[in-house]
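Thanks for coming. I will take a few minutes to walk through one structure, starting with the whole chain and ending with a single residue.

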Amino acid sequence: MDKMIESKPIPTNWKQHMQQINQLFDICFHHTNASVAVIDLHNEILQVNRAYEQMYGWTKDEVFGKCLKTVPLNEVDRVRNIHSQVIVHDTAQSYETHKLRKNGDSFSASMTVSPLKDSEGRIFALLEVAKDISDRKMEDEKLKESEERYRNLVELSPEPIIVYSDSIIVYANQAAFKLVGAENENQLLGKLAIEFIHADERNELGAQIEYLLKEKKPTDIIEKKLLRINNEVINVEIRAVPIEYFGKPSIQLLCRDITHKKVMESIVRERDEEYRRMLKLLPEPIIVHQESIICYINDIGLRLLGAQAPSEIIGRNMFEFVHPDFHEQVKARVKSVALVDNYIPFIELKLLGLHGDPIAIEASSVVLHNYLERPVIQTVLRDITERKTAEEMLRHSEKLSVVGQLAAGIAHEIRNPLTSLVGFLQLIKSAPPQKILEYTDIMLVELNRINNIVNEFMLISKPQSSKFENKNICSIISNVVSLLQPQALLHNVEIQFESSKDFEYMVRSDEGQLKQVFINLLKNSLEAMPSGGNIDIVLQHADKRRMSIKLNDNGVGIAEELLPRLGDPFFTTKEEGTGLGLMVCYRIIEAHQGNMRIQSKVGVGTAIEIELPFI
């Protein structure tokens, strides 16, 4: 069989055999999909069917009377031995081997060799039936690889896997042995699966498994208490999957030890409860909100807004409780807080209680976490109603102090036009008619001057509630300069104010409060120049969002070591000062979202810079 053999003369008694073979082929062999060949006892081919021609690539004429190399060299002896056994034992033999095609390709084949007998019962040839099983062998190989991979996955899985059949554990991977604390197979395999489930949960698990077998689909993940070999109780998650194991209906348990997870969840719950209790009992109001919707408010927050129960506040839009004047400011703060990882500075706002009553507060916010990619924000509130009242009293007190100190200058300024008025009234008695009209015009100018001085004086002196409006800072400073010019002249001081005429410096402000700031600062500068001097006020841009007001004088100056204390309550460098003026100034500027810096040098003078935001 390992080489082609030249054809030999066919004996005369073979004619009858060939007729029988041809008849058999005509009846059966040409109508089967299997490759069929008749081989004599010398391994020469006597007949083949069409399937043989298609499988091997040779035609019937090419193979007749020849011995072909269809068997690889390493299989020749085995095949010859099989053929011999068929002849000796007179029985068919089946086997799998590799075969070769005409083009040299190799393929897997399933072979069946049967004896062919003549009418006298003598074996005269062999019938070789072949099927190409390459695809099946490939599938078998893939299945084997898949089973090997699955076996490795199960064996090496870090998650415990247990299989039981008829309630008896028949398989467990290494992770399962470790889970239950078993040191050898005898401690786990062959045991009842229910023995490892806590007694309190055995009935429930039994019902769940029964339902699983009935429905023939995996269970959801369920939590159970499992007993280890040493009777230690651990928490596990289990998913039961119906499978066949060695042909028997079985249950595969996919397990996961969640004991540590349960402990951590318990700790988290305790800490969450502690955190909630802490928030609830904090002395400062706290609101948690997302996309402007209030999600949580503590007890003190409820009292601040005048509510009795959280249900009155939670779920509502927080802007229902923010005064309309502060809506835009709060929206800007909510956007900015998402950009930082800490509390943003406190700002003063005004809220509206549940019944519409205004509440002065200051607020600071921080992002707690993101939920569904949207920030959850915690806002801390401080009720500053009492503080605002005290500050207003301080401002009023300081204002009255300023009014008293301005009185001399105001009196001097009013006395001059009054003297003129008295003189012109005396002239009118004896003046001709044409002069009376001229004198009257001059008197009206002097009266208007007195009226303006008195109006400014009244604006400064009378108490009024804070009211923020859009104002031009140039007008505010100009009015204050006009008011203080008389006192400046008494001290031989010249006040110069410089600003750009091509731009309006608009600021959202309480006009009265800002006037009080500039009056206090200018008054301090006047008192620091007993021998006269200059005060320069310059208004300009600090940047695109803020304006700068610089006030410079060439007074006596302040010692450097005293500068950090400026603005402290009741700290003053003047013999008759109250120590409240600069403190009030700082508070007012902060309430306007601005800042104030003071630099000074003894014998040189003082420079003050105020920054305020543009509208």
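**The chain as a whole**

The protein chain exposes about 35800 Å², and 53% of that comes from carbon and sulfur atoms. Please keep in mind that this is a predicted model. On secondary structure, the protein chain comes to 15 helices and 22 strands. Of its 615 residues, 40% are buried. As for contacts with a separation of 6 or more, 54% of them are between residues 24 or more positions apart.

Next, a pair of helices. Two packed helices are described by the angle between their axes and the distance between the axes. Here the pair is α14, residues 511–527, and α15, residues 581–591. Their axes come within 9 Å and cross at roughly 140°, and the crossing is left-handed. Which residues make the contact? From α14 there are Q513, L514, Q516, V517, N520, L521 and N524. From α15 there are G581, L582, V584, C585, I588 and I589. Sorted by class, the contact of α14 with α15 has eight nonpolar residues, five polar ones and no charged ones.

Now to strand β22, which covers residues 605–613.

Strand β22 pairs with β20, residues 546–553, and the two run antiparallel, joined by eight bridges. In that pairing, K550 stands opposite E609 of β22. Strand β21, residues 595–601, also pairs with β22 in the antiparallel sense, over seven bridges. There, K601 stands opposite G605 of β22. β21 and β22 form a hairpin with three residues between the strands. In this hairpin G603 takes a positive phi, near 85°.

Where is it found? D357 lies in the loop between β13, residues 347–352, and β14, residues 358–371. Is D357 buried, partly exposed or exposed? D357 counts as partly exposed because its relative accessibility is 39%, and that class runs between the 20% and 50% cut-offs. Leaving aside neighbours within four places in sequence, D357 is in contact with L351 and L352. H323 is 34 residues away from D357 along the chain, and the C-alpha atoms of the two are separated by 10.0 Å.

That is the end of the tour.

Key
Residues numbered from 1 in each chain as written. Predicted model: local features only at pLDDT ≥ 70, side-chain atom pairs only at ≥ 80, totals over all residues. Heavy atoms only, no water. Helix = DSSP H or I, 4+ residues; strand = E, 2+ residues; numbered from the N terminus. Buried < 20%, exposed > 50% of the residue type's maximum accessible area, 1.4 Å probe, protein only. Contact = heavy atoms within 4.5 Å. Pairing = 2+ DSSP bridges. Areas by Shrake-Rupley, 256 points an atom, 1.4 Å probe, with all protein chains shown as cover. Axes fitted to C-alpha atoms, helices over the stretch in contact; angles between N-to-C directions. Left-handed = near helix turned anticlockwise from the far one by under 90°. Nonpolar A, V, L, I, M, F, W, Y, C, P; charged D, E, K, R; others polar.
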